[in-house]
Amino acid sequence: MPEISGIEMLNIAQKQPRNDFTKAHSQDAREGYEYNTVDYLLKPIRYERFLKAVEKVQAIVHPNAVQLPDSIRLDSENKRIYPAEIYYVESWGNYIRLFLRQETKPLVLHKTMIAMEHLLLPYGFIRCHKKYMVNSLFVGSLMDRSCMMTDGRRIQVGISYYQKVKEYFQKKED
């Protein structure tokens with residue numbers, strides 16, 4: 001903020017909001033906790049650490065909400081992944097392909113789409129086709145029976161899934 005600092009803004013705020021501080025220097029942490037601070041993040045912020053801070057705020061704002069683990073186990077080798085990193089899932093014969101935010105190649109696993117659906121539905125994924133399941137966080141719009149992903153990809157919505165997908169996103173907008 002060019003005119004005032006975050007601390008100055010909190011000083012003039014009539015109601016103290018819940019907040020997370022992100023600072024470049026650890027010596028600023030003590031001052032931050034005088035302002036109803038939930039967490040303190042030291043720059044540069046790792047994505048995993050950011051997710052933990054978000055979970056803390058969610059636990060305070062929605063105390064009765066079911067807390068989901070921040071990562072899920074994908075296979076017997078204890079390979080774990082953050083659901084927020086998955087754009088979409090594609091069925092590929094007896095395998096599935098996970099298309100991830102930070103990867104150019106999909107992650108291929110020997111798992112069924114039904115097993116992945118049970119695993120990922122609580123994290124905001126929706127089955128949109130016999131072959132596809134999308135992370136609702138990355139669906140920009142629903143257009144021409146396709147999910148337009150925020151990265152520009154177009155994921156087909158099957159005829160039998162269209163009404164369910166349409167209702168899901170209408171509820172999400174409300």
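Guide: Welcome! A charge sits over a ring if NZ of Lys or CZ of Arg is within 6 Å of the ring centre and within 35 degrees of the ring normal. This is a predicted model, where local features need pLDDT of at least 70, side-chain atom pairs count only at pLDDT 80 or more, and totals for chains, interfaces and linings use all residues. Residues are numbered from 1 along each chain as its sequence is written, and side-chain values use heavy atoms, leaving out hydrogens and water.

Visitor: What lies over the face of Trp 92?

Guide: Arg 97 does, at 4.8 Å from the ring centre.

Visitor: Why is the pair of Tyr 88 and Tyr 132 called edge-to-face?

Guide: Rings of Phe, Tyr and Trp (its six-membered ring) pair if their centres lie within 6.5 Å; planes under 30 degrees apart are stacked, over 60 edge-to-face, and the rest tilted. Here the centres are 6.1 Å apart and the planes stand at 65 degrees, so the pair is edge-to-face.

Visitor: What makes Tyr 88 count as buried or exposed?

Guide: Buried means under 20% relative accessible area, exposed over 50%, and partly exposed in between (1.4 Å probe, protein chains only). Tyr 88 has 8%, so this residue is buried. Tyr 132, with 16%, is buried too.

Visitor: How do you know whether Asp 144 is buried or exposed?

Guide: Its relative accessibility is 63%, so Asp 144 counts as exposed.

Visitor: And why is Arg 145 described as partly exposed?

Guide: Its relative accessible area is 41%, so Arg 145 falls in the partly exposed class.
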